[in-house]
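Please look over the sequence and the structure before reading on.

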Amino acid sequence: MSVKFEKETVRDAPIPGGRRTDIVHEVGERLTGGKSQAGYLAAYLQQLQSNPLRTKMLTSGSLAALQELLASYIAKDISKHGHYFSSRVPKMAAYGAFVSAPLGHLLISILQKMFAGRTSLRAKILQILVSNLIISPIQNTVYLTSMAVIAGAREFHQVSATVRAGFLPVMKVSWVTSPLALAFAQKFLPEQTWVPFFNIIAFVIGTYINTHTKKKRLAALRRKASQDLSEIHVA
């Protein structure tokens, strides 16, 4: 009787951290769907298959808006209204949904069709080269043009100057990150998830570049204000 009691006590004793483990497990199940394939990720992938362009537009638009908001917060770039939500946020959302997503959908679809069924190492390397030498320059040119327009450029020479100044630095970043991202996608991801995956990579890189740019602009404004104040005192 005593042995049975001890076994039951051990069996029924609460496991330290067990509830926390259950919560983590439940969250993971809801995100991935687990064996049931009914989680958020499974639902998202299903939408990618049934409504690919619409899903990519919503994803890209949301990430672009979040990127602008997050970069403003990190850089402490407060708008004239006293908060981080500026007119650039909806403009970035529009760019992501109506420019970046359709363009990425088209270019990646062409790239995948060009190399459909080709799984050799030579084909994968050639796919990376085409992506870096043709697709990335097109996407980066459109990106820089859109950013110039969002920033207020209206004349052709203003847009052209922005593209010329930013093209090589942006391409250098693409040449470092794009081969790694594409090699990862080739190895581990189904083709219908490539565009959202690249959107996430672009989100991380874009947030970093956007934050760095905002910090430089704010520093330049502070220097100018300090110089103007010094000139007033001298006068």
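## Surface and basis

How much accessible surface does the chain have, and what share of it belongs to carbon and sulfur atoms? The accessible surface comes to about 15600 Å², with 67% belonging to carbon and sulfur atoms (Shrake-Rupley method, 1.4 Å probe).

This is a predicted model, in which local features need pLDDT of at least 70 and side-chain atom pairs count only at pLDDT 80 or more, while totals for chains, interfaces and linings use all residues. Residues are numbered from 1 along each chain as its sequence is written, and side-chain values use heavy atoms, without hydrogens and water.

## Fold

The chain has eight helices and zero strands (DSSP runs of H or I with at least four residues, and of E with at least two, numbered from the N terminus). Of its 235 residues, 32% are buried (under 20% relative accessible area, 1.4 Å probe, protein chains only).

## Largest pocket

The largest pocket has a volume of about 540 Å³ and is lined by 21 residues. Nearest its centre lie Tyr-143, Met-147, Ile-209, Asn-210 and Thr-213. Two or more lining residues come from each of α5 (88-114), α6 (121-150), α7 (156-188) and α8 (194-234); α7 gives the most, with six.

A pocket here is an open set of points on a 1 Å grid over the protein atoms alone, where a 1.4 Å probe fits, with protein on both sides within 12 Å along at least five of seven lines; lining residues have an atom within 4 Å of a point. The volume is the space filled by probe spheres set on the points, which are joined across faces, edges and corners.

Definitions and conventions: Buried means under 20% relative accessible area, exposed over 50%, partly exposed in between (1.4 Å probe, protein chains only).
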